[in-house]
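Have a look at the sequence and structure, then read on.

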Amino acid sequence: MKLASLDNGTRDGSLVIVTSDLTRCVGVSAIAPTLQQALDNWDEVTPELARHAALLERDEDMGGPFEQSRCRSPLPRAFQWADGSAFVNHVELVRKARGAQMPESFWAEPLMYQGGSDSFLDPHGEIVLAHEAWGMDFEAEIAVVTNDVPMGVSREAALDHVVLIMLANDVSLRNLIPGELAKGFGFFQSKPSTAFSPIAVTPDELGTAWADGKLHLPLLSDLNGKAFGKPDAGVDMTFDFGDLICHAARSRPLCAGSIIGSGTVSNKGPEGSPGKSVTDGGAGYSCIAELRMVETIRDGSAHTPFMSFGDVVDIRMMTEAGSSIFGSITQKVVRHHG
């Protein structure tokens, strides 16, 4: 199944089922008005949602046109948004660029921070930035949505609690991060609102691409219309989503509708070297910071700037046949007036 939340003037939007080719949708308010309400009663409503999804695929007269521009993030707000750093290659590059050794524990236990979940951005909306000097960056990621997860869940059992999968743009203000981390209390101002893909899909919709708690397809990022990254989300993922959910639920349960992120998708280069840009024949990067890290390691300093007002980022994932799975996160950076 493919699910989306259309903007209807309310905080949480209205839940719709979308066809596999993303051309049509149908509202299901009689089953669950919002995605959160569906997640709260997932086992009870899933059979009826699946029945409507099958009918929508067969009956071309059912529903109406689907427009990604009308979508909110599938969960416009959520009870929990916890972002991991499952691609340790990304973390290693960050530390290597500033000449710091990476603790061995980083390979044994995932990093994770608790992000703001009260106001997610629309996938085709704007990223509002007060100052370019803050160092605006995108981060292309995979995210999963869970049902109720018990405290102390095992890694194997944790994967059974993944009910939806989507893409994420974990917006970061790079120049604010060092000062916040230096205080020893984590991110806050440096991590503004996140955006998620227009479509959230059930794991079965992905077929063999969803395996072992990983999504085995390239994650595509464009910056101002030019290819920036295409790393495979199933490669070099040190901690899978079973590991991440298990980590998040170690000391507390997670409620239905909790979102867990993979962190920036990152692939190594040949023989473990830093990855190359797309223009140099590599898989590229899922954020500007990683390119800047590689430039620092290679050239002694970074020269690619962070995003400016007017810049546009596009994040998407395609099937092997070339069809869009989640729709696109397409966002323009604009100046805050207020």
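## A walk from F138 to the sheets

F138 sits in the loop between strand 9 (136–137) and strand 10 (140–146). Bear in mind that this is a predicted model. Is F138 buried or exposed? With a relative accessibility of 0%, F138 counts as buried, because the cut-off for that label is under 20%.

What does F138 touch once you set aside its neighbours within four places in sequence? The contacts are N169, D170, R174, S221, F228, S286, C287, I288, M307, V313 and I315. As for F309, the C-alpha atoms of F138 and F309 are 13 Å apart in space, while 171 residues separate the two in sequence.

On to the cores. The largest nonpolar core is made of 70 residues, and the ones with the most contacts inside it are F66, I142, I165, L215, M317 and F326. Helix 7 (residues 288–299) gives the most to this core, putting in 5 residues. There's also a second, separate core of 31 residues, and M1, A38, F196 and A200 are among its members.

M317 is worth a click in your viewer. Not counting residues up to four places away in sequence, M317 touches I142, L167, L215, L217, P218, L219, A233, S323, S324, I325 and F326. Two of these names, I142 and F326, also turn up in the list of residues with the most contacts inside the largest core.

| Strands | Direction | Bridges |
|---|---|---|
| strand 2 (residues 14–18) and strand 3 (residues 24–27) | antiparallel | 3 bridges |
| strand 3 and strand 4 (residues 64–65) | antiparallel | 2 bridges |
| strand 20 (residues 312–316) and strand 21 (residues 329–335) | antiparallel | 4 bridges |

V16 has G27 in strand 3 as its bridge partner, and R24 has P65 in strand 4. D314 stands opposite T330 in strand 21. The hairpin of strand 2 and strand 3 has 5 residues between the strands, and there L22 takes a positive phi near 65 degrees.

Definitions and conventions. Residues numbered from 1 in each chain as written. Predicted model: local features only at pLDDT ≥ 70, side-chain atom pairs only at ≥ 80, totals over all residues. Heavy atoms only, no water. Buried < 20%, exposed > 50% of the residue type's maximum accessible area, 1.4 Å probe, protein only. Contact = heavy atoms within 4.5 Å. Core = buried A, V, L, I, M, F, W, Y, C linked by side-chain atoms within 4.5 Å. Pairing = 2+ DSSP bridges.
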